[in-house]
Amino acid sequence: MNDKITRLYDELKSQSWDGLLVTDPKHIYYLTGFASEPHERFLGLVLLRDQEPELIVPALDAEAAQAASSVTRISTHTDTDNPYDLLRQRTGSGVKTFALEKEHVSILRYEQLHTAISAAQYMDLGPVLQAMRVRKSPEEVQRLKHAARLVEDALRHGLTHVREGVTEVELVAEIEYQMKKIGADGPSFDTTVLSGPKTALPHGVPGTRKLEYGDLLMFDMGVYSNGYASDITRTFAFGKLSDELETIYNTVLRSNEAGIAAIRPGVSCASVDQASRAVVEAAGYGPAFNHRVGHGLGMSVHEYPSVHGGNNDLLHEGFVFTIEPGIYVPGLGGVRIEDDVLVTADGVDVLTSFPKELTVLG
């Protein structure tokens, strides 16, 4: 057994659980090294007290699981089998307290699981896995750094296609093609390219708007590589900006830098958000910064911690998250600058390195 699974067995003992089931494919990859998207088929890692771990996979994934998984006891089910029969056979009738990922298990799946296991009490495994995942190992940090390098290379490629009249979706197509070409597994979320007044939409959708001189041009993008995500936002000027847009840009840049400067072990998520937000508020744009300053990053592009003004959880070495302040003025435009950061023993390491100073294209 690897150290992560050993830790889960320790949790079984300390919590007096009889068993647990992991069903989120990302967590199964995290714990076993086997990556799969089972779609509607059942995929689960079962741990019972005093028994070796067992991985239950669709039969069509058996060979891949045997090659990749650190768990050697592997059971399979075909499309016509009932996979919950395997759980019933393994758990028997002695299970009283059983842990599940409550956020991941649907009501339908819970009913199927309960029919098979019939535990008296179901506990939430989610907080245990969250606590394990939030502190990134050196290997995980290297994967995150590599994902950051790849997305920055894709962004550089996208900038070579910026010209008057190009549409947002044309730039998206170029960028996502380049992501695959340079070795990324794919985008970590739908690539966003927005121009002109559309940059005032924090979650705007790229369309057929054509780039014009004097526009802001925003790229929000990330990739998956070896199971880990990156997430970066950069905003550019296409030609000469108005004085107000230039002021907004420089304010967001200072806000980004202030948030990063506030990061170190032992400070709260709230204090980081407040340090970044204070710059925007002092410039008179407080209401136009209408989202949290950042979110956790790792195997998922959004995970714990949520870095906002109401979260007093403390930062620790190994946490990775984003710093992404923004100002959005309807009808005029918006600016967001986003970096991926790692909390180190004595401060912070910024994993993204793409230049942030106002760059004029065209």
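In this predicted model, strands β7 and β10 (residues 223–225) pair in the antiparallel sense over two bridges. Gly186 has Tyr224 as its bridge partner in β10. The protein holds 10 helices and 20 strands. Its C-alpha trace spans about 70 × 40 × 35 Å along the principal axes.

**Overall build**

- Of the protein's 362 residues, 54% count as buried.
- The accessible surface comes to about 15,600 Å². Carbon and sulfur atoms hold 50% of that surface.
- Among contacts with a separation of 6 or more, 65% are between residues 24 or more positions apart.

**Annotated domain**

- An unreviewed UniProt entry places the feature "domain: Peptidase M24" at residues 143–345.
- The span 143–345 is 32% helix and 25% strand. Its end C-alpha atoms lie 19 Å apart.

**Three-stranded sheet**

- The β7–β10 pair belongs to an open sheet of three strands, in the order β7-β10-β11, with antiparallel pairing.
- β7 (186–187) and β11 (228–229) stand at the edges with a single partner strand each, so one side of each is left without a neighbour in the sheet.

**Four-stranded sheet**

- A second open sheet has four strands in the order β8-β9-β12-β20. Its pairing is mixed.
- The edge strands are β8 and β20 (360–361); each has a single partner strand, so one side of each lacks a neighbour in the sheet.
- β8 runs antiparallel to strand β9 (residues 215–221), and four bridges join them. Val193 has Phe219 as its bridge partner in β9.
- Strand β8 (residues 192–195) is covered on both faces. Thr192 and Leu194 are buried on one side, Val193 and Ser195 on the other.
- Strand β12 (residues 232–238) pairs with β20 in the parallel sense, over two bridges. Ala237 stands opposite Val360 in β20.

**Helix α10**

- α10 (residues 269–282) has 14 residues. It reaches 20 Å from its first C-alpha to its last, close to the 20 Å expected at 1.5 Å a residue.
- Its buried residues are Cys269, Ala270, Val272, Asp273, Ser276, Arg277, Val279 and Val280.
- In general, an α-helix has 3.6 residues a turn, so residues three or four places apart point the same way.
- The buried residues of α10 pack against helix α9 (243–261). They also pack against strands β14 (303–307), β15 (320–323) and β16 (326–329).
- Gly284 follows α10 and has a positive phi, near 90 degrees.

- Asp339 is found in strand β18 (residues 339–343).
- Asp339 counts as buried because its relative accessible area is 0%, under the 20% cut-off.
- Its side chain makes a polar contact of 2.7 Å with the side chain of Thr352. A polar contact of 2.9 Å joins it to the side chain of Lys356.
- Leaving out residues up to four places away in sequence, Asp339 touches Arg234, Asn256, Ile260, Phe321, Thr322, Ile323, Val350, Thr352 and Lys356.

- Ile337 sits in the loop between β17 (333–336) and β18.
- Ile337 counts as buried because its relative accessibility is 0%.
- Ile337 and Pro325 are 12 residues apart in sequence. Their C-alpha atoms are 6.3 Å apart in space.
- Beyond four places in sequence, Ile337 contacts Thr233, Arg234, Tyr249, Val252, Leu253, Asn256, Ile323, Glu324, Pro325 and Lys356.
- Arg234, Asn256, Ile323 and Lys356 are among the contacts of Ile337 and also among those of Asp339.

**Backbone details**

- The peptide bond from Tyr304 to Pro305 is cis, with omega near 5 degrees. Pro305 is found in strand β14.
- His39 is not a glycine, yet has a positive phi of about 60 degrees. It lies in the loop between α2 (25–32) and β2 (44–48). His39 counts as exposed because its relative accessibility is 59%, over the 50% cut-off.
- Ser118 is not a glycine either, and has a positive phi of about 55 degrees. Its place is in the loop between α5 (107–117) and β6 (121–124). Ser118 counts as partly exposed, at 46% relative accessibility.

Definitions and conventions: Residues are numbered from 1 along each chain as its sequence is written. This is a predicted model: local features need pLDDT of at least 70, side-chain atom pairs count only at pLDDT 80 or more; totals for chains, interfaces and linings use all residues. Side-chain values use heavy atoms; hydrogens and water are left out. UniProt positions are given in the numbering used here, feature names are shortened, and annotations may be inferred rather than shown by experiment. Buried means under 20% relative accessible area, exposed over 50%, partly exposed in between (1.4 Å probe, protein chains only). Two strands pair if DSSP finds at least two bridges between them. A polar contact is a pair of N or O atoms within 3.5 Å; within protein, one must be able to donate a hydrogen and the other to accept it, and residues adjacent in sequence count only if both atoms are side-chain atoms. Contact means heavy atoms within 4.5 Å. Accessible areas come from the Shrake-Rupley method with a 1.4 Å probe; for residues, only the protein chains shown count as cover. The expected span of a helix is 1.5 Å times one less than its number of residues.
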